[in-house]
Amino acid sequence: MTAEAGRARRGSALTRRKAAAGRAFIAPNLLAVLVFLLFPLAFSLYLSFHHWNMFDPPEYVGIRNYRRLFTGDGLFYRALANTVIFTVATIVPTIVVSLAVAAALNAKVKGIGFFRSVLFLPLVASTAAMTIVWGFMFNTDGGLFNTVLGWFGVGPVRWLSDPGWALASLCLVSIWKSVPFAAAVLLAAMQGVPEDLHEAARIDGAGGPRRFWSVTLPLIRPALGFVFVISVINSFQAFDQAYVLTGGNGGPETGTYLFGIMLFQNAFAFNDLGYACALAWVVFLLLLALTYLQLRLGRSDTEEG
């Protein structure tokens, strides 16, 4: 009994030392999360109930910022409509194109590694710099797109000066930027699909499209859900490409006036950081609700399956 008690005490002491080492190991990470994530979140929530121009002391205004958003600022609903249109117009093509690209890159053909490397070029390039290049291509006079249209007898399109075309141009740039990441996620999911299932479907007479629809798509549904959620978040947070492509005023007739542009204007152009924080929290709650709804729908589909 004495020997067993000694071994138990030594084991308990070793367990405590391991636990202490683990706590010491994660303490810097927890401290970083506290300083760089939780504190800014709490401070932004605090500021959303204040008026602050970043120079004078914050002035408590209660829910006035939120009331102003929903009842006194028509630009909020303009930004909401533009952001929803922008989100829908980018998510659907992004997912469709990413699926096609991932399926093509999943093929076992010679030299496919080179194309997989090219896929990541938009991810490593500066968004602002590449958006400037896109701006030159959208130029009404002498831009690449209007030059190509001219070959077919089509007149010049005012890509960046017409409100509708400006938003369409912004969607095209965002799709180009989003496809590489989404395709990489879907490609990794496709490579995890057991080859035996494809072989069994092939033996049963299923062709390539049928195997993709009946075997691959159901098995990569979690990855599709992840891509959907990330795409929605990125669309609601879009700022850099909109700012560089059409300016910080929301483009012609506020055609590209997104939440990111509105937040930037109120915080740094109008010096009303409290109002900008209120807008940021409204956007956060919208994203939280959309993400929760998507996760619930995805879980329901999984349970039914």
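Colleague: Leaving aside neighbours within four places in sequence, what is Asp-272 in contact with?
Modeller: In this predicted model, Asp-272 is in contact with His-51, Trp-52, Arg-68, Asn-266 and Ala-267, once residues within four places in sequence are set aside.

Colleague: Where does Asp-272 sit?
Modeller: Asp-272 is in the loop between α13, residues 259-269, and α14.

Colleague: Is Asp-272 buried or exposed?
Modeller: Asp-272 has a relative accessibility of 8%. The cut-off for buried is under 20%, so Asp-272 counts as buried.

Colleague: Next, Leu-279. Which helix is that one in?
Modeller: Leu-279 is in helix α14.

Colleague: And what does Leu-279 touch, leaving aside neighbours within four places in sequence?
Modeller: Leu-279 is in contact with Leu-69, Phe-76, Phe-259, Met-262 and Leu-263. Leu-279 counts as buried, at 1% relative accessibility.

Colleague: How far is Leu-279 from Tyr-66, in sequence and in space?
Modeller: The two are 213 residues apart in sequence, and their C-alpha atoms are 7.7 Å apart.

Colleague: What about Ala-289, where is that?
Modeller: Ala-289 lies in helix α14, which covers residues 273-304. Ala-289 is partly exposed, with a relative accessible area of 44%.

Colleague: And how far apart are Ala-289 and Gly-22?
Modeller: From C-alpha to C-alpha they are 35 Å apart, with a sequence separation of 267 residues.

Colleague: Let's zoom out. How many helices and strands are there in the protein chain?
Modeller: The protein chain has 14 helices and 2 strands. Its radius of gyration is 26 Å, whereas the globule rule gives 19 Å for 305 residues, so the chain is more spread out than a compact globule.

Colleague: What box do the C-alpha atoms fill?
Modeller: Along the principal axes, the box is roughly 95 × 70 × 35 Å.

Colleague: What percentage of the residues is buried?
Modeller: Of the 305 residues in the protein chain, 35% are buried. The chain exposes about 18,100 Å², and 69% of that area comes from carbon and sulfur atoms.

Colleague: And the contacts between residues at least 6 apart in sequence: what percentage join residues at least 24 apart?
Modeller: That figure is 65% for the protein chain.

Colleague: Changing topic to helix packing. At what angle do α10 and α11 pack?
Modeller: Helix α10, residues 208-219, and helix α11, residues 221-236, pack at about 60°, and their axes are 4 Å apart. The two helices are therefore oblique to each other.

Colleague: Which residues make that contact?
Modeller: From α10 the contact uses Leu-217, Pro-218 and Leu-219, and from α11 it uses Arg-221, Pro-222 and Leu-224. By class, that gives 5 nonpolar residues, no polar ones and 1 charged.

Colleague: Arg-221 again, then. How far is Leu-144 from Arg-221?
Modeller: The C-alpha atoms of Leu-144 and Arg-221 are separated by 38 Å, and the residues are 77 apart along the chain.

Colleague: Where is Leu-144 found, and what does it touch?
Modeller: Leu-144 is in helix α7, residues 144-151. Not counting residues up to four places away in sequence, Leu-144 touches Phe-136 and Met-137. At 44% relative accessibility, Leu-144 counts as partly exposed.

Colleague: Now backbone angles. What is phi of Met-54?
Modeller: Phi of Met-54 is near 75°, which is a positive value in a residue other than glycine. Most residues other than glycine have a negative phi.

Colleague: Where is Met-54 placed?
Modeller: Met-54 is in the loop between β1, residues 50-51, and β2, residues 59-60. Met-54 is partly exposed, with a relative accessible area of 32%.

Colleague: And what is phi of Glu-253?
Modeller: Glu-253 also has a positive phi, near 55°. Glu-253 is placed in the loop between α12, residues 240-246, and α13.

Colleague: Is Glu-253 buried or exposed?
Modeller: Glu-253 counts as exposed, at 66% relative accessibility.

Colleague: Last one, Ala-19. Where is its place?
Modeller: Ala-19 is in helix α1, residues 2-47, and is partly exposed with a relative accessible area of 33%. Ala-19 and Gly-207 are 55 Å apart, C-alpha to C-alpha, and 188 residues apart in sequence.

Methods: Residues are numbered from 1 along each chain as its sequence is written. This is a predicted model: local features need pLDDT of at least 70, side-chain atom pairs count only at pLDDT 80 or more; totals for chains, interfaces and linings use all residues. Side-chain values use heavy atoms; hydrogens and water are left out. Axes are lines fitted to C-alpha atoms, for helices over the stretch in contact, and angles run from 0 to 180 degrees between N-to-C directions. Angles under 35 degrees count as roughly parallel, over 145 as roughly antiparallel, 65 to 115 as roughly perpendicular and the rest as oblique. Contact means heavy atoms within 4.5 Å. Ala, Val, Leu, Ile, Met, Phe, Trp, Tyr, Cys and Pro count as nonpolar, Asp, Glu, Lys and Arg as charged, and the others, Gly among them, as polar. The radius of gyration is taken over C-alpha atoms; the globule rule is 2.2 Å times the number of residues to the power 0.38. Buried means under 20% relative accessible area, exposed over 50%, partly exposed in between (1.4 Å probe, protein chains only). Accessible areas come from the Shrake-Rupley method with a 1.4 Å probe; for residues, only the protein chains shown count as cover.
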